[in-house]
Amino acid sequence: IGSDVTDVSEVSLSYEEAMQALDYKIVLGADQVISSSEVKVNSQAAYGHYHEIRVIASQFKQGNAEWKPLFRRLAESMKQDPMSRQELRMIMDYMNYQWNAAFQEMLPEYRGYWEETAFPQLQAEIGQLETVEVTMSRYYNWLERTDDQLKELRERRNVHSTAPRIKAYIDANYGDSNLSLNLLSEHFNLSTKYVSQLFKDEIGI
């Protein structure tokens, strides 16, 4: 709602204030009665979170699980900051930019998964902005799924790179009487169970 008016000439101004306040329902919730006096237009509101987003994207790129509590803290902070739909859109666009930039620095297979699968689905999921809480929750869930998928891709890559090295080591030390599963595990800093499974799945021993 707009400001109280005492003259008919002030109605249009009150209406403009009400329309401006209406744009804050995206943050404060659709079931709220919002007075123009409760919100304050602040074009710098979105910029305050940009540094946090860069840090979170960097942690995500490095495979550091610290990105999760940092993201949740960001979401909680955003819920406390009155911002308009336009400001929220600015933040989401900046988040998309940072994650796209992060994936550009990753291996082609990781980048391909993001560009072909994760990012299009994420865009469809948050295309229609709702409240900050819902929007950020959806974004977090998609990032978490993407993070899990990246872990699987990294594990597969590690398997493919480790198996040939183990096989080469065995070939080079085949006559060593001390050559054993335990020795291989210690040399490559892997568990005996992992090396044993690797033999079966990748090397065929």
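Student: Hi! What does the secondary structure of the protein come to?
Tutor: Hello! In this predicted model, the protein has nine helices and zero strands. Read from the N terminus, the elements run α-α-α-α-α-α-α-α-α.

Student: And how much of the protein do buried residues make up?
Tutor: Buried residues account for 37% of the 205 residues.

Student: Let's look at α6. How many residues does it have, and how far does it reach?
Tutor: Helix α6 covers residues 108–126, which is 19 residues. From its first C-alpha to its last it reaches 25 Å, close to the 27 Å expected at 1.5 Å a residue.

Student: Where does α6 bend?
Tutor: The bend is at W114, and it comes to about 40 degrees.

Student: Is W114 buried or exposed?
Tutor: W114 is one of the buried residues of α6.

Student: Which of the elements gives the largest share?
Tutor: That is α7, with six residues of the lining.

Student: Which residues line the largest pocket, if I want to select them?
Tutor: Pick F71, R72, A75, E76, K79, V132, E133, M136, S137, Y140 and N141.

Student: How do those divide into nonpolar, polar and charged?
Tutor: The lining of the largest pocket has five nonpolar, two polar and four charged residues.

Student: V132 is in that lining. Where is V132 found, and why does it count as buried?
Tutor: V132 is found in helix α7. It counts as buried because its relative accessibility is 1%, and the cut-off for buried is under 20%.

Student: How far apart are V132 and D81?
Tutor: In sequence they are 51 residues apart, while their C-alpha atoms are 9.9 Å apart in space.

Student: What about K167, where is that one?
Tutor: K167 is also a residue of helix α7. Its relative accessible area is 41%, so K167 is partly exposed. Along the chain, K167 and F199 are 32 residues apart, and 8.9 Å separates their C-alpha atoms.

Student: Last one: S185. Which helix is it in?
Tutor: S185 sits in helix α8, residues 181–188. With a relative accessibility of 6%, S185 counts as buried.

Student: Which backbone oxygen lies 2.8 Å from a polar atom of the S185 side chain?
Tutor: The backbone oxygen of L181. At 2.8 Å, that pair falls within the 3.5 Å limit for a polar contact.

Notes:
Residues numbered from 1 in each chain as written. Predicted model: local features only at pLDDT ≥ 70, side-chain atom pairs only at ≥ 80, totals over all residues. Heavy atoms only, no water. Helix = DSSP H or I, 4+ residues; strand = E, 2+ residues; numbered from the N terminus. Expected span 1.5 Å × (residues − 1). Bend = angle between axes of the 7 residues up to and from the residue. Buried < 20%, exposed > 50% of the residue type's maximum accessible area, 1.4 Å probe, protein only. 1 Å grid on protein atoms, 1.4 Å probe; cavity = no way out; pocket = protein on both sides within 12 Å on 5 of 7 lines; lining within 4 Å. Nonpolar A, V, L, I, M, F, W, Y, C, P; charged D, E, K, R; others polar. Polar contact = N/O pair within 3.5 Å; in protein donor to acceptor, adjacent residues only side chain to side chain.
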